[in-house]
Structure formats: C-alpha cells, structure tokens
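Please examine the following model through a series of questions and answers.

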Amino acid sequence: MDKSCATTGNSGPKVRSDCQITLSLKNEGGISIELKSKVETLYGDSVRSLCLKMLRCLGIENAHLEVVDSGALPFVIMARLEAAVKKLTGTGMKFLPDFPEDNMYSTARDRFRFSRLYLPGNTPSLMINAGLHSADGIILDLEDSVAPEKKDEARILVRNALRQLDFRSAEKMVRINQGERGMNDLDSVIPQNVNLVLIPKCESPENVREVANHIREITAGSGLAYPVYLMPIIESALGVELAFDIARADESVVAMAVGLEDLTADMGVRRTREGNETLYARTRIVNAAKAAGIQPIDSVFPDVADMEGLRNNVAVSKALGFEGMGCIHPRQVALIRQGFAPEPEEIEKSKKIVRAYEAALSKGLGVVALGSKMIDPPVVNRAMRSIDLAVRLGLIDSEWRNESSDEIQQTS
Amino acid sequence: MKFNKQVNTADMSIPTVINAAGRAVPTEINGKPAIPFRGIGKYRPSGNKYGPPIPSCIDFPPDGNKVVATLEEALLRCGLRDGMTISTHHHLRDGDLISNSIFRIASLLGVKDLVWLPSASFPCNDPVIQYLEDGTINRIEGSMNGPLGRFVSEGRMKGTAVLRSHGGRVQAIQDGEVRIDIAVLVAPSADSFGNAKGTGGSSACGVLGYAKTDAMYADKVIVVTDNLIDVPCLPMEIEGNYVDCVVVVDKIGIPEKIVSGTTQITKSPDRLLIAELTAAFLEKSGILKDGVRMQAGAGGTSLAIGVFIHEILRKKGWKSKFGFGGSTKYMVEMLEQGQMEYILDAQAFDLESVASIEKNSGHVPYPVFNAYNFHSKGNLTSMMDIMILGATEVDLNFNGNVVTHSDGYLLHGIGGWQNCLHARNVILPLPLFRDRIPVIVDQVTTLCGPGELIDVIVTERGIAINPLRQDLIESVRNSGLPITTIEKLKLEAERICGKPSLPRFEDKIVAAIKWVDGTVIDTVRQIKK
C-alpha cells in the first residue's frame, strides 16, 4: 500500500452527511484541495478553509487533498481529515471541535435506563438527530457495528460527536472494543464527558476492573470531575456463570446487560423468538444484578419491522425483572419506554406514597406512614422515580399534585 | 412603483420594478407586458375571459369519427407552425410517452420557436432539452425539474421560462394570458368522437383533472389514446365537442411510472417524528375537528401525517367531511373505513386510488379548474381547514420557496402550492436542514408564497407559529408541544450546519414566477459559474 496516501470516510449514492477524504502527502508544492461537494454553493469555501486550517495545524505543509462531500457537518469533516493525517503520520495531535456547555452534563447512578439506542460509530447521518427520539441513553458503538479497518477513524468521529452533538439529556454511552483497542477507545472518548461505558463480551470481574482502572487513570490525570458508569455486557456462558462477581466488580458498575446473539452462538444454540434457550442466562443475570443492586438490562430485539414481536418481548422482559433493553432503531424507543413504564396501579400507589412523604416532611415528621403502614426511604425514592418517569412519559401531568381534592380524599 | 436598473431578459433590455413583495421583476416577459405583484388580493382583473375561435359542425364528419392515422397528421391538420403554443397535461407523470414525441415530430418538420405549456414536467421529459437546443422549442412555461431546471438556470433556454401554479396556469389560460394553439391531451380511454377519461385500458391514471381547461380554451385539441372504446366514453372528463382529432397509438404511457404501485409513508425516524408532531399540533390546537376539510400531499411525511390524523379521527369518533386529492391509498382507507365522507380528486397517486374512483361513489373527480382558479367566483382552497404543504426554504418572515434550491438552481414546479396557501391553516412540516442545507433562512432564494399566508412550520426541533396567528399561538399555549420561534429555529440550524454562503447570480432573468392572480411575484436569475 502506498504509504503517502490515505483514504477515510465514506462516499457513494446512499451516503449522506459524510465525506470521503483522500490525502496524499507531497514533498513540495504546498497544499492543493479538490472538493466535490453537494453543498458547494453554500459551504464550499467554508469546507476548503476548514481543511486548510486543519492541515496547517496538524503540521502538513505539502499535500493534495480530495474531498467528496455529501453534506458532512464540520465535526465529521474534521474527524475524517484528522484520521487521514493520523494514518499517514501517526501523529498524536488532535483537532477538536468546540464543546458547547449544554452538551456537558452528568447522569445519576440510579436513573432509568429503559431504552438505549445503538448508533453505529462510523455513520454520522444516524447520529445527528439521535437525541430527538427520547431514548434514555444513546450508545455510540465502536465495537461490532464498525468494520475492523474503520476502527481508528470511528474512534475520532465518536469523539467529535460527543463534543458537538446535542443528545438532549440522554445518557451518553460508548460501547468500546475488547482488549487493547478498548483501552485506546477509552483514551479518546473518556475526556469527552461520556456518562457510561459498555464493556462488550465481559467474562470476568478483571475485565471490568481493567476498564474501571483505566478510566480512573484518565480522569485522575486530567482532573475530570464527572462520574463514568459501567455497564458490562454478558455474551458468553462463562460470563453468565460469573455474572454476580462481574456485577460487583467495581463500584462504578450501575447496570449489566445480556447480549443474546453472541450468547446463543457461544452456547451453540439457535436464537428463537420465544427465547427458551436463554431463559436460564437471562434469569441468572437478572438475579445477579438485583443481588448486586444494579439494573439488569435485556438484549436488543433484532426485527425492526415486527412491532408486535417487540411488544411481547418487552412484556416478557419486564416480567422477568429486566429494567430496560437496547434499541437498534428509533422506532423501537417509544414502545420500549411504554413497555417498561410504570403501570397505572403503580402510579396511583406512588402518588399516595409521595403525598404521604410530603405531608410528613411539612409536619416535620421523620417517619413516613401510609395508613398504618410505615414506608421505608427506598420505597419513597422508588415512588418518586416512578412519578418522575410517569411525568416524563406523559402518563400523568407534571401538576398532578393539583388534581381535584375529591381524588385526594379518595386516595388518602 | 419605482424603476430599477435595466437588466437583460433573454435578448433585450427591459426595465424591472420593485413589486409589493420587494422583489425586482420585469414589466415585460417574452415580449408581452407583465404586471408586478401588488400584494395579496390587491390585483383585480378586468375584461372578458378568452374565447377560442368558433368552430362549426360542417368541418367535422357527421358520423363523429375524428380518428386520424398519426400524431403527425393530427398536428398538421391542426396547423402546426412556428411560434405556436402547445399544451399537455401531466397525468401520465414519469410514464408519459407522448409529450416528447410532439416535439420530435415538430423538429423533423423544421418547426421552430414553439412554446410548451405542460401542467408539469417529469424526468421522462428531459429529452426535450435537445429540442430546446435545436430551436424547435423557444421556452417552457411550466415546471422544470432536474436536468431541465439546470438547463434553464444556466441560461441556456432561448425564451424566459414562466412558472405558474396549477391554479395560475388555468387562470392564465382562462384570461387569455396564454393562448393555447394546440392542446395534445393523452387519455387512458377515449372514443372516436373525442370523449375521454382517466380510467380503463393499460395506462389508467384515474382522473384527468388537469385536462379540462386546455380542452375548453385551446384553439385545437388532439386526444391521444391507446384504448379506443365505443361512443360514448363515460364519464366524459374531456368532452368530444371540444376535440378536433383523435389519435390511437400502441402505448401512451408506462403503467408503473404513471402511478406508483403503492405510495408509502416515510420510514425515516426523523420524518416520522415531524409527522407525529404535526398531528399532535393539529389535535391540540383544535384545528382537527369533526367535519374537518383537509388536504395533504403524497410525500412520505404528508402520508404519515394522514395516517396519524386518521388514528385521531377514529379515536374521537370524528369524520372528515372531505379531503381534496391527490388521492392515495391512505385517503382511500379513511373513506372506506368511515373517517372521511368524500374524496374530491384532481389526480390519483397510486393504484389503490385509481381503483377507488371506479368503485367508491364518495370518490369524485374534481378538476383543478374548479378547485384552484383564482379568477373565479370563489374556489375550494379557501374553504379547507387543514393544508399540509412542503417547501425548499422558509424565511424569517415565513415566506416560502418551492421552485429553487438554496444553491439557486430551479428544481421544482410550483404545483398547487400557491393555490393551497389560501387555506385556513397552512402547515409546513419540514426538516430543519437537509444534508447540511438549512431550510429556515434569512431570506428565501426565490419568493413563491408570501409569509402572510403561511401559518405554522413544524420541524423535528420545534414548531414555529406565524406571529400573525395569535389565535393559534394561544391555542397551544399550555399544550406541552415544543413551540418556539422561527428566529430560534434559524439559529439552531446555523449552529448545527454553519452559516451558509449565498448563491451568486448573473443579471439575466431565466424564469418569472407568477402569483395566483397572474402578477409577477419574483424571478429566477441565471446562475453565476
């Protein structure tokens, strides 16, 4: 392969919001740029000046750059060009897009993780509007959805996306690769205010600790103050057997997921719609997670067109004790959120508990009671979370406390 | 009215003036005087409607058989010669096999400087570029898409294009602004007397809602069919009394390109989100109600909105009084399941609607001439409660553009868009940006519809309501909907995409945009290379 020429990104009739960059280093002649852009009239000059500025910044003085642009946003162009330069020079220099303050936020350990939307880490068109679909979490995936030869450029793209895109308070998650490559992924993404890291094919507590320790090294070294939670994914028979140890391997583990595609492959069985072949694994993972005080999260449902199948899957999943599942398409989000949402009886009960709690607070009482029954603080917390969720899902009004006094009398 | 500098339109220098919308427009187009836009409802026409020459029975066979052997013979009998205006309708859409052949025949006969007046053009009409190049056609007065639009935008057409809405086209024909010398009207079924309809045969398109005006006002009318049936062809969407010749050919169109086998709602999660928001807005604002009169296009997002509206109507036990087509299977489902009483239809978009016209008594052909003509004693669009429309751009004053893209190239026709703006609630569901191109801009590249008539913009990142519609703003005040302002939407688009540069133009005017009353609302200028 020609060591003085590198190609990154994607182009083609179906590619949108991306660009393909071919960079050839030269010995002389300065920098020349050949741009073929769908948005030449509106952004041609701005693309050219961005590329020029970047190349200078990254120490490239003589090169020919070809850009085939299908409407890529600046953070995408930056990622593609940085990846091309890195391929050729191995430079460790970065060219970071802005990081607006609105995009920096932390999440709570016990927040709901009903729906988490998988996004392939090298497909910018799917990332740009991902935050609009009300998923609890957005997963930028560097693992199975990225071809091996695209891993390095995806890592840079995901890094830039984490800085630039507004995911609208969804928990920002990254699924890293296994092993050494996963550690490199962490170096790149952890400083970008990632909220949670998914550890794929986790088979031992050591896998978790290795990731946790590496994250601590990165955050300690750079004085980063936000928490980074972990969600190991169990995808093998061995992982299932060690689920409890994995769940409590590190204090930053907040949830544990099961990946049924790889698990059934590992077990040498066929994945069926009924899922009897993985019933043991799933119940074991649920139990291990509950025992460790973290959230058990179910696998994705692979058929986007089968909404009825998804509905059934969610019902079974919730009945087993799972507290969420993955989504491979935004269309699945609403149904999954509804499926895991509190049921009407649960909401009514939670309202009573919260009212009793608030009444106790206003009277200065330390003990909350509903009728003759004492209410423990975790139960109050859970009720508040149910109410919060019911409001967020639009199941009840945010002003539910102002409901007519008749109703309050009925409920008290 | 103040005069602007002299600019070149086509070959000669003629003055432009600033019209009531603040746009510089010529006072003369293709050698004919043109009236600058004076504001909405400000221009009042005078005089009489145009009338074609009086024909007589003595010139036609008493047995009523007007069949001639070929289209060429028919054109010659109709006196085809230099400078004539030839009209066609677009019911065969991208499957039209006849329009191009008119100009091929004319070219072979050495006829020059024709004016083509289609009710719309499609990619299948791209071959007419060669007849524009060889001088057979002087100009097109009608929509221009794809390569044709590019050809015109680059200043390569001899005459100046004139773009009119569907309603503007019938108004111009009725008023005599455009005089059709020969109308060539393809018909899926016709009899030898010239009665014709949109159903039957192998090229059925459902209805012929765009053909009526041409038949009534053209000097000569040729009906072309591939399905000659016995007299009488019923219903007579085109009446044989207007027809000079009937030509029978093997095939007038390619069926699968005439109607899509089936129209599909969008699969894009982002567009579905916009559709959901639009339906929620219609419900929460109270615009959607029992007896509602509605119209939406056949684009994927519009269809999804229709499906969501259907669900709301069903849930509430409501019924739409009528919907105006472009009909689709989704509208037919509303009709057949009892959530819509009538479909008034000017064109059918899919096979399900074509079938519905033949079997459902509530599915009725309704010509564009009756629905959209502004120079008429009232029209249908101002009676509609809900109008769902698209746009390539909308600006901070809610002005809309549908004919050019932000890079300045002509890429779409106006269709019924301008006419539909007169509905009571005009809603534009739009993505905030398309492949980095912001849809909300400072000022539209080409003005097609004044912002006074555009009420609501629904994007995936929020809903902006025209400040002129305080009633609507009030109606959704505590609805929980993401209501924002057009300014904020524009800023958000620019934050994501960057501030775009503007296209640069030459002085030469390549197209004039007419308003529904025949006045000139804007122009399109040649792209600067």
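Q: Which residues have the most contacts inside the largest nonpolar core?
A: This is a predicted model. In soluble globular proteins, nonpolar side chains tend to be buried together. Here the largest nonpolar core has 280 residues, and those with the most contacts inside it are A:Met256 and B:Leu185.

Q: Is strand β9 of chain A largely enclosed by the rest of the structure or exposed, and why?
A: In a regular strand the side chains alternate between the two faces of the sheet. On one side of β9(A), A:Tyr229, A:Met231 and A:Ile233 are buried, and on the other A:Leu230, A:Pro232 and A:Ile234 are buried. Because six of the six residues of β9(A), residues 229-234, are buried, the strand is largely enclosed by the rest of the structure.

Q: Which residue of β9(A) stands opposite A:Ile199?
A: β8(A) and β9(A) run parallel and are joined by four bridges. Together with helix α6 (residues 205-222) of chain A, these strands make a right-handed β-α-β unit. Opposite A:Ile199, the residue in β9(A) is A:Pro232.

Q: What is the bridge partner of A:Ile234 in β10(A)?
A: Strand β10 (residues 255-258) of chain A runs parallel to β9(A), with two bridges between them. The partner of A:Ile234 in β10(A) is A:Val258.

Q: How many Å apart are the end C-alpha atoms of helix α13 of chain A?
A: Helix α13(A) has 19 residues, 344-362, and at 1.5 Å a residue these should span 27 Å. The computed distance agrees with this, because the end C-alpha atoms are 27 Å apart.

Q: Which residues of α13(A) are buried?
A: An α-helix has 3.6 residues a turn, so residues three or four places apart point the same way. The buried residues of α13(A) are A:Ser350, A:Lys351, A:Ile353, A:Val354, A:Ala356 and A:Tyr357.

Q: What is the value of omega for the cis peptide bond that joins B:Leu234 and B:Pro235?
A: B:Pro235 is found in the loop between β15 and β16 of chain B. The loop between β15 (228-229) and β16 (245-248) also holds B:Pro232, and the bond to B:Pro232 from B:Val231 is cis, with omega near 0°. For the cis bond joining B:Leu234 and B:Pro235, omega is about -10°.

Q: Which element gives the most to the side of chain A that touches chain B?
A: The contact takes 19 residues from chain A and 16 residues from chain B. On the side of chain A, the elements that give two or more residues are α1 (40-57) and α12 (330-340). With five residues, the element that gives the most is α1(A).

Notes: Residues are numbered from 1 along each chain as its sequence is written. Chains are lettered from A and ligands numbered from 1 in the order in which they are written. This is a predicted model: local features need pLDDT of at least 70, side-chain atom pairs count only at pLDDT 80 or more; totals for chains, interfaces and linings use all residues. A nonpolar core is a set of buried Ala, Val, Leu, Ile, Met, Phe, Trp, Tyr and Cys residues joined through C-beta atoms within 7 Å. A residue is buried if 20 or more other C-beta atoms lie within 10 Å of its own, exposed if 12 or fewer, and partly exposed in between; C-beta atoms are placed from the backbone. Two strands pair if DSSP finds at least two bridges between them. A crossover is right-handed if, with the strands pointing away from the viewer, the path from the first strand over the helix to the second runs clockwise. The expected span of a helix is 1.5 Å times one less than its number of residues. Two residues are in contact if their C-beta atoms, placed from the backbone, lie within 7 Å.
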